[in-house]
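Okay, let me get my slide up.

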Amino acid sequence: MLEFDAQVLGSWLGGVLWPFLRIGAFCMVAPVIGTQLVPARVRLLFALVLTVILVPVLPQAPAIELLSPAAFVVAAQEILVGVALATALQLLLHVFVMAGQMMAMQMGLGFASMVDPANGISVTVMSQLYLMIVTLLFLAVDGHLAMIQVLSESFSALPVAAAPSASLPWLLVSQGSWMFVAAALLALPAITALLVVNISLGIVTRAAPQMNIFAVGFPMMLVFGVVVVWLTLGAVGPHFMRLTEDTLLLMRALV
C-alpha cells in the first residue's frame with residue numbers, strides 16, 4: 001500500500017504548482033490568448049494543459065513547504081516573471097497600435113475611434129487595422145510557438161525559486177522607450193508625406209484666402225493619407241520581423 005506523507009505530497013504539488021504560476025501569469029497577459037476575447041476559464045485551462053505538457057521536461061523544482069513564507073515569495077517571483085515575459089510581447093504589438101495612432105492623427109482620422117475587442121479600449125481605426133495585420137502576421141510566422149518555446153527555456157535560465165535579476169523592472173521600462181521610438185520610425189514616412197501636404201495647403205491658403213481650407217483640405221488629407229498607408233503596408237512585414245527578433249532577445253534577457 002502506498003503511503004504519502006505531507007513532505008512528499010507537498011514536493012509533488014510544488015513541482016506542478018510553481019511552473020503553473022509562471023505559465024498561468026504568462027497566459028493571462030500574453031498576446032492572442034491573453035486578450036479579452038478569450039474567456040479567463042479558457043486561459044486557465046490552456047495554462048494547465050501547457051503545464052502538464054512541460055513539467056516532465058522542466059528542471060526539477062525544489063521542495064518548498066506550501067504554507068511557508070518562502071512559498072509565498074516563490075509564488076510572487078513566478079508570477080512576476082510570467083507577467084514580465086508576456087508584457088514584452090504586448091509591447092511588440094503596441095508599437096503598431098501607436099504607429100497607427102500617429103498616422104490617424106495626422107490624416108484627420110483621430111476622431112474615428114472604435115473599441116478594440118482585444119484590449120477593451122478605444123483606439124483609432126488605423127490602430128485597429130495595424131493590430132489586426134500584425135496579429136495575423138504573428139500567427140503566420142508561428143510567433144505563438146516561439147513565445148511558448150521562450151517560456152519553456154525560461155525555466156532553465158531562471159529555475160523555480162531563483163530570484164529574478166534586480167534589473168528586470170528597468171529592462172521593461174527601457175523597452176517602453178523602445179516602443180515609442182519604433183512606432184515613430186514606423187509612422188515616419190506617412191507623417192513626413194502628410195506634413196508636406198499640410199505645408200502645401202498652408203501655401204494655398206495664403207495665396208487664396210477666400211478658399212475654404214476646411215472643405216478642401218480635410219478630404220485631400222484623408223485621401224492622400226489612405227494612399228500613403230496603402231503604399232507603406234508592404235514595409236509592415238519586414239519591420240514586424242525585425243521588431244519580433246528584438247522582443248525575443250529581450251525576453252531572453254529578462255531571465
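Predicted model: local features only at pLDDT ≥ 70, side-chain atom pairs only at ≥ 80, totals over all residues.

Numbering starts from 1 along each chain as its sequence is written, and side-chain values use heavy atoms, with hydrogens and water left out.

So, the helix pair. Helix α3, residues 69–107, and helix α4, residues 125–140, have axes that come within 7 Å and cross at roughly 150°. α3 and α4 are therefore roughly antiparallel to each other. The axes here are lines fitted to C-alpha atoms, for helices over the stretch in contact, with angles from 0 to 180 degrees between N-to-C directions. Helices are DSSP runs of H or I, at least four residues, and strands are runs of E, at least two, numbered from the N terminus.

Who makes the contact, meaning heavy atoms within 4.5 Å? On the α3 side the residues include Leu89, Leu93, Phe96 and Val97, and on the α4 side Tyr130, Leu131 and Phe138 are among them. The residues of that contact divide into 12 nonpolar, 3 polar and no charged. Nonpolar here is Ala, Val, Leu, Ile, Met, Phe, Trp, Tyr, Cys and Pro; charged is Asp, Glu, Lys and Arg; the others, Gly among them, are polar.

Now keep an eye on Phe96. A search of the whole structure turns up 1 aromatic pair. The ring centres of Phe96 and Phe240 are 5.9 Å apart with the planes at 50°, so the pair is tilted. For the cut-offs, rings of Phe, Tyr and Trp (its six-membered ring) pair if their centres lie within 6.5 Å, and planes under 30 degrees apart are stacked, over 60 edge-to-face, the rest tilted. Phe96 sits in α3 and Phe240 in α8, residues 236–254, so the pair ties together parts 144 residues apart in sequence. Phe96 and Phe240 are both buried, which is under 20% relative accessible area, with exposed over 50% and partly exposed in between (1.4 Å probe, protein chains only).

Zooming out, the protein has 8 helices and 2 strands. Buried residues make up 40% of its 255 residues.

Notes
Parallel < 35°, antiparallel > 145°, perpendicular 65-115°, else oblique. Contact = heavy atoms within 4.5 Å.
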